[in-house]
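Trainee: Before we start, please show me the model and let me ask how the terms are applied to it.

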Amino acid sequence: MKLTPIHIIGGGMAGSEAAWQAAEAGVPVILHEMRPKRMTDAHKTEGLAELVCSNSFRSDDAQSNAVGLLHEEMRRASSLIMRMGDAHKVPAGGALAVDRDGFSAAVTEALAGHPLITIARDEVAGLPPEDWDNVIVATGPLTSPALAEAIQGLTGDEGLAFFDAIAPIVHRDTIDMTIAWYQSRYDKPGPGGTGKDYINCPMTREQYEAFIRALIEGDKADFKEWEKSTPYFDGCLPIEVMAERGPETLRHGPMKPRGLTNAHQPDRKPYAVVQLRQDNKLGTLYNMVGFQTKLKHGEQLRVFETIPGLETAEFARLGGLHRNTFLNSPKVLDERLRLKACSRLRFAGQIAGVEGYVESAAMGLMAGRMAAAERLGVSFVPPPPTTAHGALINHITGGHIETTDNNSGSFQPMNVNFGLFPPVEIPKGPDGRKPRGKDKQIARKHAYTARALRDFDQWLNSRPAIAAE
Ligand SMILES: Cc1cc2nc3c(=O)[nH]c(=O)nc-3n(C[C@H](O)[C@H](O)[C@H](O)COP(=O)(O)OP(=O)(O)OC[C@H]3O[C@@H](n4cnc5c(N)ncnc54)[C@H](O)[C@@H]3O)c2cc1C
């Protein structure tokens, strides 16, 4: 039987992997890549899967690190990106770093040589034609404006963003609750709340003033030339810019202490408060409200550990502000990564709400298999949320808690991290006791990864990968 091809728009990390997975499942693919006819502001070559910045796929430790785990799951699922990454790796300690030109050339060659893949060097400059009934949009953070506008026409302004304003996200169990406390301002329950929906970290006047100085003096990341014109500063000023406007600005903005009583010292009014709000349904991650920042990552760690209650906090991700095209995916995508408003369009990669080379490729892997299953008329069961792939899909299609009282609460692209996984039972040590302290942290990570790999193998083997309906 001759199958109609699926169309994949964008030959970056996600689109390349998606094309490979779909073709390996026996489905013909037309992969549309606009470079070199039309370049983005960051890409320099015409190669597929070009790495636009660092050459690192980050940690390759599949036992203790969530991105290392994602690598391993992708390898087990015959990922082209991981095979070529491994083949072109360069020394980088515990990280997987690659020779970017060799890697991109190898991916391009593999895709061009696949009998079921056709590469079309063209821009899709609007909604795909109606007769493209099965499309993967993997056009990335720098999606061409014509296509982005067409997508926004389907999702509305709320559904597609053109920049991210990421407030740092903290693992809940690393916040010191002997200092911080749960309370919503004025104990207001709000829609769906309890009156205790925020974690509050109190500051004295001295602590606040030192914090403001540290923000102003901290080393900031530069905006790239083409990012400077992105009109995003009105609604979500970085905290250091607010601090520069005057020492009291933050205390009258996101750090205002009004309506809050320190549960540990009710008679001592805090001078300022840092609030954190639940970020995922599991309640394992909390974001720092209004704390989007351009401080360099090392500086963020140095400055934020001066906040009472966060001295030993671990960050699932640090803050940032970038030009970035991405969907409000928990709102607009279904659990098979399809646009609810137009189900022939499936999204993958950074535009689908993940962040990072590897996460983008992993979502391409899933989207390629989903699209192939649909074309073959068979069902697709996604991997469970205990796996790295499943945890990411779950987060971007519903696990994130959507809030509307911006500036930091709405959905922002996410890296893979253990906070996205359902909590795991930590096994007892050989002495029959539960590990404590640092050993507990290590044991927990090992428990997450052991469970994930067991469940991923089970998913790969027991589910007919693409099963008859
Ligand atoms: C400047 C910058 C630096 C980054 N640095 C890193 C980093 O160091 N490490 C990291 O892990 N992540 C980084 N990222 C984040 C991100 O994960 C990567 O951009 C990643 O490449 C995203 O993969 P993707 O497949 O979604 O998009 P991309 O890899 O960007 O691929 C999208 C492809 O679609 C093409 N395209 C766009 N519009 C159209 C159209 N209308 N028709 C046809 N083709 C189109 C583009 O030319 C491109 O080839 C960075 C992002 C940016 C913007």
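Mentor: The questions below set values from this model against definitions.

Mentor: This is a predicted model, in which local features need pLDDT of at least 70, side-chain atom pairs count only at pLDDT 80 or more, and totals for chains, interfaces and linings use all residues. Residues are numbered from 1 along each chain as its sequence is written, and side-chain values use heavy atoms, with hydrogens and water left out.

Trainee: What is the average pLDDT of the protein chain?

Mentor: pLDDT is the predictor's confidence in each residue, from 0 to 100. The protein chain averages 92, and 95% of the residues score at least 70. Over residues 405-409 the pLDDT is below 50, yet this stretch has 18 contacts in the model beyond near neighbours in sequence. Contact means heavy atoms within 4.5 Å.

Trainee: Why is strand β12 called largely enclosed?

Mentor: A strand here is a DSSP run (E, at least two residues), numbered from the N terminus. Buried means under 20% relative accessible area, exposed over 50%, and partly exposed in between, with a 1.4 Å probe and protein chains only. In β12 (residues 272-278), 6 of the 7 residues are buried, so the rest of the structure largely encloses the strand.

Trainee: How do you know that β11 and β12 pair?

Mentor: Two strands pair if DSSP finds at least two bridges between them. Strand β11 (residues 198-203) and β12 have 6 bridges and pair in the antiparallel sense. Tyr 198 has Arg 277 of β12 as its bridge partner.

Trainee: What joins β12 to β13?

Mentor: There are 3 bridges between β12 and strand β13 (residues 285-288), and the two run antiparallel. Leu 276 has Met 288 in β13 as its bridge partner. The two strands form a hairpin with 6 residues between them, and Gly 283 in the turn has a positive phi of about 75°.

Trainee: How many salt bridges are there between domain 1 and domain 2?

Mentor: The bounds come from an automatic or database domain assignment, which gives domain 1 (6-163 + 323-423 + 452-467) and domain 2 (168-318). The contact takes 27 residues from domain 1 and 25 residues from domain 2. A salt bridge is a side-chain nitrogen of Lys or Arg within 4 Å of a carboxyl oxygen of Asp or Glu. By that definition, the count between the two domains is 0.

Notes:
Helix = DSSP H or I, 4+ residues; strand = E, 2+ residues; numbered from the N terminus.
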